[in-house]
Each structure stands twice: as structure tokens, then as C-alpha cells.
Amino acid sequence: MSAPKNYQLSEAYERRRLNDVQQYAFLENQPNYSGDHIVSLAADLFGTSTALVSLVEKDRQWFNARIGLDRCETSRSVSFCSHALASEDVLVVLDATKDPRFVENDLVTGEPNIRFYAGAPLITPRGYIIGTLCIIDGKPRERFSEADCQRLKALASLVMDQLELKRLTEAQKAALCLSRATHDGIINVTLPETITYANLAASKILGYSRQELIDMPMSALLPPDIVLKVNAAVTRFTKCGRDYAALRAFETTLTTKSGSEAPIELTASVWSADGAVQIGIILRDVTERKQREASFKMLFECNPIPMWIFDAKDLFFVETNNACSDLYGYSKERFLELSVFDLKPPEDHPDIVNNINMMASVYEPTDAVSHLDSMGRRLRVLPYARRITHQGKECILAALIDVTERERAAIELKNTRIFLDAVVESIPSMLFVKDVQDGRFVLINKAGENLLGMDRSDIIGKTDFDFFSNEDAARYAADDRSVAAGQELVVIENEPLSTPKGVRSLRTQKVGVRDSDGKPLYLLGISEDVTERLAMEQKNRHLSRHDILTDLPNRVAYQDLLNSHLMACAAERNELSLLLVDLDRFKAVNDSLGHQAGDEVLRKVAERLLADKEPNDIVARLGGDEFAIIKPLRHAKETAQALALKISAHLAEPIALDGQHVSVGCSIGIALFPQHGTTADVLMRRADVSLYRAKEKREGGFCLFEASMEEKAERERVLRNELRGALGRNEFRLVYQPIFDASSGTAVCCEALIRWEHPVIGSISPAEFIPAAESTGLIREIGRWVLKEACLAASSWPANIKVAVNLSPLQFGGFQLASDVTSALEGAGLLPDRLELEITEGIFLQDSEENIATLQQLKALGVHIALDDFGTGFSSLSYLRSFPFDKIKIDQSFVKGLPHSQDSLSIVRAIIALGRSFGSTITAEGVETLQQLALLSDEGCDECQGYFFARPLDPDTVLARLAPSRLRYGALS
């Protein structure tokens, strides 16, 4: 028995598989006696409590037959059978509680408490798996043999045959009912050409009784040309290898028993059954249709109304009448070379296809449309249309009423209403006309009524003094007289107007209208209500310069404010401090509590910063969890440091979020004007550098810019750039520092240490370039190289000497690290137990569960795991409990104080005791004196490493000195 393939079902396969499942859906509510016999047989044969025939649909599985289970269905998400859909092999689960796929399954943890499962696929004739015949038991099994699998598959095949038989029986019933009910004649021919079946409709169409048709040769019934076409279809069928072949529908004439001719539409299909080729012929009597078509043709041709028929798909004309040729000037022959596009103006072309596709079965026009005749003249017609089937195609029949002259006569009448309908009533702004002599309104539009909240009948004939205060009315009247006296358009911006909705802001345009003698007659005005627009513009101006979440100035506004303050400080010889504030643990809040909680933290931080600042200080949010403060005061250094201390203390206080408290803390970088720069860009860059240094401390607080920081930042930038090609240029090398057994003095391991020899910069400390490699993402590639080189070197050492390799926390995550370690061991031919991987406590600061899982993968390979620099940083007993480390290394900072420092000795004793309680080897780093070695040995330390024994050695030297005769530290020192 081969293991089931582990792959995802493709969308296409699943879609077709579900289609096959639906073919058997009718069986769900039918009794299945034969299926019950098979599941009973399966349960008896394999000695299980339960056996099922399961069909798996999109979201559920249902049981066509079952024994030992009360349920009729389950969801697909808990279905064991859904896992068997991807392979034609039997899916066997000997103990579900030990299988990761099912250990938390509701059917395992609850009723019916499944432990053993075996499911054979139900494969349809088209090759799709629709479910399984499965056996289930509440007890686990140690084995399920290949013979058992074959017996279960044989029973599944019987189930599938029974399901398919029922489906075919139902299909046969449906076909028989259809054959009896249809008006189309149906004839079945078994080759070479004997008619073996004919329905009642075929008997009526051809005039023969059904008994006379049976055993009649096909050639005696069909014309010779039709027989040839049918035989050609048979030939195609035998060559193509498909399930069937079809003969396209066509019209012909058959001779009936009485000798009359019957117009027939004939279709045929060919298939194979029981080794014989079968032909199915369908005969449709089209006598009535032919008569209707002849009547339609006569009415169409002789109709005085222009009519045409065009293909609904390609839009080419297929029929036109004489009246159509008279109207458009095209002959009937020329018409059949044209499409609808040729008769429509170019501006209508983009909408033609969409309008025709959207047309219902019948179309009655509401307005005339434009057409072009053969001379390019524009016609106006009303097209009445309906969808029809013509010559076997989907077409559109249209009758066209010419209204060109009628519309031409109506144009003048329409022009007389343009002013009222188009200009006055249609515009959304208030339009009014006043008499210049007395200021009375003579016209106002609908928009004016809406704005003033009055009907025009209450406005016409009255003046502004009837609606507004005397002060406002007098102002409007004075403006009107001034405009009427001139001859130019006057625009009044933001003119206030009292309305029932309150005071509105208007943009009013006024112009005087003169009579034939040039005297002022009317005042025409258009007033646009711009209240909302002005408010929106104001809001947009605010939003464009403020952070939506905190309403603080955003980066754009902050940049402008900083530049303006720098100009003012330079002019007034004043000082300015710039503080960049970055939250320390904001990402942890976002990841653990969600972005909504993160947004609330940012709002609370903004409130605290505003509470801490002085009145003239400016607080801005630059983005993410970064804020900036501009403090334009004298003695900038002292005041900035005082503010930084105040902010650090305030932001260190817990923040309440929905019943729980979080603490984020912050780091602050400070740059001063003019001491650290005179431009915004320089100050920002140097504040950012100081912020970076503050964050390096890891305990929050602030940092004031110093020139050395920029030098360090520049060196780090250079190192990051140079690192990208260092591997390819072979600039890295490894040295090895031996580790000795503290009791016997025998070398037991060598720690691989990387060195970078740059051809220009020179030797670069790992303390410098390792952080740069981590920040650029190159640490994985470099770490992979170190693993490979260290394993290759160790493969030439004595078999009892291990090699230790340091890992960066950034090398963890996913399966890549385990793959890299496996590749390095296999490439060097090194046994896994000769490789020690040293990690620091930093890997537990983030993604600790995933990192512990990675450590367990490495442990499973057989390599040893050592915890380096123990006692520094973030030591916690929780991760010592969560992972069994093979070795714990005491950091050299504690060894350095021995033997004189009692504190160091207490820490060393505690670590040794702790390591022994966890069964770990204890190694001390940084041993430099015989006294330190003696004390560590007496305290029970297992291994030692340091300059007392040997400095790091190059590969050739360490190989020579690791010879069996020189394995003790005295020979290596």
C-alpha cells in the first residue's frame, strides 16, 4: 500500500468532481438496501464497529449507506473522507490521536471517538473521486495490510458500480419519458443500418406504424445524401476516440409512406453501446414553420413601412424590403453588404453594441434617433423592433417610421423655450432678474426658491427690503446700482446671505442688461451657494496638513513649520531644539492586541506629548510610531533635556486599553540649532542619528547628538555597502578557538569565529559587521557560509573534537535554518553530533514559539544546542524550561571577576547549579588565569575556553595542534 499523495485539489478538478457528485444527489433520500448489505459486509470482513458509504460535497459529506453511526451527514471540515479525495490509494489512519491531521478533530475528541480509519475512494467513470467506502473503529490498530487495502478497494468498486447503475436507470427512465412526450420523432439505428427503435411522434411524421419502422433499413427511409452525411459522422466517431459525435442540424425533405413530402429539420448523434455503434436521429416537422415564414416574407416584402432584419451578433443586414431601399437610397443587394454601423452617425457607434445587447424582446422608442442615408444625409426615425429567429440565427426585425420633416418643423418651437428650460430652470445656482428702476424681482429660478425658502410667487414684484434686514438690503441695493451703471460683469466672493437654513456664503456674478437705447433696464444675477465648498476646502486644507488619527501636524506641515521656525530663530539669533520620539514596544502592542489597540495607544501618546509641551512648542506625528517636537527657546540644550526626561517618564507609565494595561516607553533623539545644523534636513538627519543611538541602549531614554555618532553612522553605512560583495570577494575567513575539558585539560571542541579582512579598510571586528549584516538581511547568507566552512574544517579533525558555530536570531524562522544545517553536514560528511550550534537569549525576544519549534527541528537532526552568554541580557528560566539545552556557556564578564569578586563567584555557582539541574554541560568563557581555571574546576564547571588555553587559530594551525599527541591545553597554549 503506497502512502496517499499530499497535494491540494486544483480548482478545476474540484469543480468537475463536484459536478460528478451531483449526478448521484438524487440517491440521498432513497433507501439503499444493496449499499446497506455492502457496508455490513465491510464491517464484518474487517471487524469494525462502523462502515460508511460517504459522498463528499463542497461543505459537507452525507452517507448513502451506513452501519454503526446515527448521523446522516457531517461537515466537510471534520470529514476524514475529504482527505482521501486527492489519491486513488486507500487512506489509512491507524491511530487518529497520533496523526497531526486528526488529533484535534471533533470526531476524534468527541463522539464517535474515532481511532482507526481506512477509506477506499469511489471513482466515477470519468475518473473523479466523489467519496469513499470507509471503515471506522474506536480502537487503534497496529497495521492494515496491502491485502486489506485491495479487499476494501474491491468493495468500493462494487459500491461505485451500484451507484452508477442507479444513475443510469434514472437517466433511462427520463429518456423514455421524454421520448414519449416530445413532438419530435426519435429513431435509433444500430449499425450497419437497422432501425431498432422509433417513438410515436416518428410514426406520425413518417406515416409508418412503429412496427413497420422496426428493422427497416435506414437507407429506405432517408435520402441518399442524408445517409452519406450520417455515415460520415459515424466515420468521425470511430476515429476520434470520444464518447459520442454529433451531426449538426439541417433541413431536408423526407418521403412519407403515402408518397407525400414532409419538410424536416434533422439532427443526429453517434455513440457506442455494448460494442455496437448506435445512431440517434431526431426528426422535427417544420411544415407549419415553413408556412409561417412564407407568410412573413410576403408581408415583409410588400409592407409600405421600411423594414429590415439584421444579425444580432455581427449586426450585418440579412433582409430588407423595397420601402427600406426607397428611404435610404441603397439597393437590396447593397444593403446586404452593410451593417448597422454604416447607417448610424459616428458619435453613436460606441453605444450601438451595448444598446442592442440590453434590448428586451420588444423595443418601442420614446425618442427619434439619427440615421444616415446613402448620400450621408441625416434622417430622423422611430425604430420599432423585436428579437426573432430568422434562418436559424438570432436576429432583430425593425420597422422604421420617418419623422425627419416633423422634427424639422418642431425645432423653432423648441428654440423659443431654450432660455426658460435650459438656462433659467436647469442651472443649480440661483438666477434672478431685477428691475433697475425700483429693484423689484421680475424673475427667479427654482434654485433661488430653494435657497431663499420661498415660492417664486412670493418673491416676484418685491424688493430686498421685503426679505432682509434694512442693513443687508441697503448693501445689496447699492451693489446693484453700481453694477447697473457699468457695463462689465462684477463678481462678489463670499457674500453673506441670511436664509431659513442660516447664513450662507454666496459667490455672486452680476451684470446690467440695457435696452435698445443703451439705458440700464434689468440687473441679471447668478448666485452660487459655496458654503459647503468653503467648509470642505477648509477641512481639506486641515486634513492635508494634519494626521487623521491624532490631529497633530503631519510630516508635510511639520517640515514647513520647522523651516519657518529656523528662519525666525536665525533672524532673532535664538536657539531651537528638535526632538524625535520613537515608541519602543509599539509593534508588540499592534501584534498582540491588534491595530485598533495600536491606534488608541498612538492617540494616548499624542495626548501625553501635548500635556508635556510648553505653549510655544510644536508636536507633530511623522508617521507610524514616530513623533517630533520643535522647541524654539533659548538654552535649548537644557530645556530639551528636561523635556526629554519629562516625556520619557510620562510615556513609561502604563496605558489603559479595554481593562488591561500596556507599557510602550520611548527613545528620544535630540539635535540643536545652530550647534548641530542650520537647515531642516541636517537637523532631522542628526536627530535621527541620535535617536538610533538612544534605541541601541534598549532601556529607552534620550540621546543628544554628537559628531562621533555621525562618524559611526557613516562607517556603518560603508560597512553595509561593502558587505554586499564581501562573500563573493572571499574577504571572510574563519578562525577556531579550542574549548577544553576542565578536569582533564583535553580539547573537546573548537568554536568557529568569523573574521573580515577588507583590502582597503583592513581588519573589521565582528562586533561591527555582524549588526550591519543583520540590518541588511545578509546574515542568512553569511551564516550559511560559516556553517559550510566550519563543517568542512571539522571533518578533518579527530573524531572526538566537535565544532561550535554561532547563530544569529535572524537566521531563525521557517524551515530554512534546518535545511542549511543539513546541507552543511552532508556536504562535509560530518556526523550531526559533532556540530554545536550556539544561540543567544535574543531569539526568545520575538516569535519565541516559532523559534523553539526551529530548535526542536535542529535537535531532531542530532546536533547539539548551546546557550551562549548566559546571565546577560534577558535571562529567563521560562525558556530553559521550554527547551532542553545541551550546553550553557557562562559569559566572560562573570569569569573576569574571579577569583576576587564574591558577586561574580555567586553568579557562577548559581549558573553551574542551574545547568546541572537541567542536565546541561557548563562551559566558562574568557578564562585567562590558572587561578580562574582551578576555581571553575573545583566548582564543577565542565569545560573552559579562553586566552589561558589558546587564542583563536587559523584552520591549518588548529588542524596541526589538534593531533592526538597534542590534544591537551598545554600543547596548544
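Good morning, colleagues. The structure is a predicted model, in which local features need pLDDT of at least 70, side-chain atom pairs count only at pLDDT 80 or more, and totals for chains, interfaces and linings use all residues. Residues are numbered from 1 along each chain as its sequence is written, and side-chain values use heavy atoms, with hydrogens and water left out.

Helices (H or I, at least four residues) and strands (E, at least two) are DSSP runs, numbered from the N terminus, and two strands pair if DSSP finds at least two bridges between them. Strand 15, residues 369-372, pairs in the antiparallel sense with strand 16, residues 378-390, over four bridges.

I turn to the cysteines. A disulfide is a pair of cysteine sulfur atoms within 2.5 Å, and by this rule the count is zero. Cysteine 749 is in no disulfide, its nearest cysteine sulfur being that of cysteine 750, 6.4 Å away. Cysteine 944 is likewise in none; the nearest cysteine sulfur belongs to cysteine 941, at 4.4 Å. Buried means under 20% relative accessible area, exposed over 50%, and partly exposed in between, with a 1.4 Å probe and protein chains only. Cysteine 749 is buried at 1%, and cysteine 944 is buried at 0%.

Next, the aromatic rings. Rings of Phe, Tyr and Trp (its six-membered ring) pair if their centres lie within 6.5 Å; planes under 30 degrees apart count as stacked, over 60 as edge-to-face and the rest as tilted. The whole structure holds 23 aromatic pairs. In one of them, phenylalanine 80 and tyrosine 117 have ring centres 5.2 Å apart and planes at 45 degrees, so the pair is tilted. Both residues, phenylalanine 80 and tyrosine 117, are buried. Tryptophan 756 and phenylalanine 769 have ring centres 5.6 Å apart and planes at 85 degrees, so this pair is edge-to-face. Because tryptophan 756 lies in strand 31 (residues 747-758) and phenylalanine 769 in helix 25 (residues 766-776), the pair ties together parts that are 13 residues apart in sequence.

Finally, charges over rings. A charge sits over a ring if NZ of Lys or CZ of Arg is within 6 Å of the ring centre and within 35 degrees of the ring normal. Arginine 141 lies over the face of phenylalanine 116, at 4.5 Å from the ring centre. Arginine 951 lies over the face of tyrosine 947, at 3.9 Å from the ring centre.
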